[in-house]
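Welcome! Here is a short tour for anyone meeting this structure for the first time. Take a look at the sequence and the model, and then read on.

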Amino acid sequence: MQYQPTPAERIPLITAAMRAFHNTGVTRPQAYRRQALTALRDSLRKHEEELLAAMHVDMRKPRFEAYMSDVGLVHAEIAHALRDLDEWMRVEHVPTPVSIQPASSAVHREPLGVVLIIAPWNYPALLLLSPLIGAIAAGNCAVVKPSHETPNTAVVLERILADAFVPGHVAVVNGPGGTIGPALIEHFRFDHIFFTGSSAVGAKIMAMAAHTLTPVTLEMGGKSPAVVDHKVNVRQAATRVAWSKYLNAGQTCIATDHALVHQSVLEEFVEELGRAIHRFYGDDPQRSPHFARLVNAKRFAVVKAYLAEGRVRIGGPSDEDDLYVAPTVLTDMALDSMCMREEIFGPVLPVLPWNEREEVLDAVRRVPFPLAAYVFSTDKGVQEYFTQRIHAGGMCINHGMLQFGNPQLPFGGVGTSGMGRYHGKRTFDLFSHHKGVVTASTIIDHGLQYPPYSKGKLRVLRWALG
Ligand code: NAD
């Protein structure tokens, strides 16, 4: 049998071919970028059934959720890029200060070159392909690494990309992140690394990238609170919090991690959570086709351990063979318990009371830098108070997670939840070098800046510089 190189052994060949391909300039014209985006759209449609089925095998992701919060959003990003690419690529003319006149000035957006995109498993197509769309739209070549935690999905993604792109343009490297990641970063200087995943791995990526001064974008997680005021429609708020918690079994970077609920409505809120969970998943959520599973046994063990850290008010059952933890609501946790210190990333919702607004701020500051924060209140003053004071990557008022769905909004973390922001045009800009270019007049040369310098020249200079 012919020798097959391992993914790690293929890396130098892939990256060298990609650099050569990019150097030809073939990815620069708008027509090439459009054709590539269209090919990705078509390939995604062609393999859609396989992809949805693979996600179901890997984590029992309900079909509707897989389309609503993953595959469908990829199509929305492609459509947006195809619609606006012409405008994004246009040279941007900017004013020229009098001090360097006569001249004109413009910003040219150029491809960065060969970029690396590393994705997590929880929204495996979206978090791989959404940055890729911006990278291609900006004229780059890309190596992409899906997560090995969802192996069936990773194989289908590889097929989708192999059908859509020539190997020098986009290549997939599959394998365990702990070995393939360093092999990629340490053996080739990428022009940018776009990473989505945990803060712990994000720190490793940044350290590896530092050796070659490779710029990074890090999209990570955090402990995202839902703050529920007493001036609120409790049933509606509980329904929306439940949705933003239990979608994908809580394995969403912008999921509500825990709820901080005004003491006066806390009991009613917990009751309404119970009703919402029942409406969503019926008498036995384990038998509901609408409820996902934890991704692996390791995550199951971590999430199950949280169940013992508070008083179980709703849910509680778990089944290791099925990687199932019921949609659960906890109260009475200690603030130093693990579920109040770590990002939960599972279907367990701790609910804590507050009376004064400052208590909310104290609770958020205990585990700073949430990726998202949600405020439920009909009082504009309360909405504004928390919007101005909670330092989070993004926010949504009176709902959960909707901020992700608008490509006009920047998406990204703050502090330890992320570095850099993307979606829509911002992804294109992120993967572009913004080159400032001044074009001087060849007709007039006033010579103000040349020696010999004189008092008269200095006077003009002072006036010109303001
Ligand atoms: P993870 O950090 O374990 O893995 C992410 C990716 O990094 C995977 O492809 C993995 O194989 C790879 N990887 C692992 N070790 C590596 C190394 N040493 N070098 C290079 N690559 C390596 O994260 P995960 O468990 O897949 O995802 C869950 C985390 O991701 C949560 O913290 C969640 O909040 C976060 N997340 C953030 C966003 C966001 O948009 N900000 C979105 C989804 C998930």
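## A nonpolar patch on the surface

Val98, Val460 and Trp463 together make a nonpolar surface patch with about 320 Å² of accessible area. Accessible areas come from the Shrake-Rupley method with a 1.4 Å probe, and for residues only the protein chains shown count as cover. A patch is made of residues with over 30% relative accessible area and no salt bridge, with nonpolar side chains (Val, Leu, Ile, Met, Phe, Trp, Tyr) joined within 5 Å and like charges within 9 Å. Val460 belongs to helix α15 (residues 455–465) and, at a relative accessible area of 40%, is partly exposed. Here buried means under 20% relative accessible area, exposed over 50%, and partly exposed in between (1.4 Å probe, protein chains only).

The model is a predicted one, in which local features need pLDDT of at least 70 and side-chain atom pairs count only at pLDDT 80 or more, while totals for chains, interfaces and linings use all residues. Residues are numbered from 1 along each chain as its sequence is written, and side-chain values use heavy atoms, leaving out hydrogens and water.

## A seven-stranded sheet

Now to the open sheet: its seven strands follow the order β10-β13-β14-β9-β8-β15-β16, with mixed pairing. Strands pair if DSSP finds at least two bridges between them; helices (H or I, at least four residues) and strands (E, at least two) are DSSP runs numbered from the N terminus. β10 (311–314) and β16 (394–397) are the edge strands, each with a single partner, so one side of each has no neighbour in the sheet. On average, neighbouring strands are turned by 25° against each other, direction ignored.

Strand β13 (residues 328–331) is covered on both faces: Thr328 and Leu330 are buried on one side, Val329 and Thr331 on the other. In a regular strand, side chains alternate between the two faces of the sheet. β13 pairs with β10 in the antiparallel sense over three bridges, and with β14 in the parallel sense, also over three bridges. Val329 is the bridge partner of Ile314, and Leu349 in β14 is the bridge partner of Val329.

## Helices against the sheet

Strands β8 (residues 225–228) and β15 (residues 372–376) run parallel and are joined by three bridges. Helix α12 (residues 357–366) packs on the sheet, touching β8, β9 (258–262) and β14 (348–354), and its direction makes about 140° with that of β14. Helix α13 (residues 380–389) packs on the sheet too, touching β8, β14, β15 and β16, at about 170° to the direction of β16. These angles run from 0 to 180 degrees between N-to-C directions, with axes fitted to C-alpha atoms, for helices over the stretch in contact; contact means heavy atoms within 4.5 Å.

## Salt bridges

How many salt bridges does the count come to? It comes to 23, where a salt bridge is a side-chain nitrogen of Lys or Arg within 4 Å of a carboxyl oxygen of Asp or Glu. One of them joins Asp332 and Arg311 (3.5 Å, N to O). Asp332 lies in the loop between β13 and β14 and Arg311 in strand β10, so this pair ties together parts 21 residues apart in sequence. Asp332 is exposed at 55% relative accessible area, whereas Arg311 is partly exposed at 47%.

In helix α12, Arg365 and Asp362 sit three residues apart, about one turn of the helix, and form a salt bridge with closest N and O atoms 3.8 Å apart.
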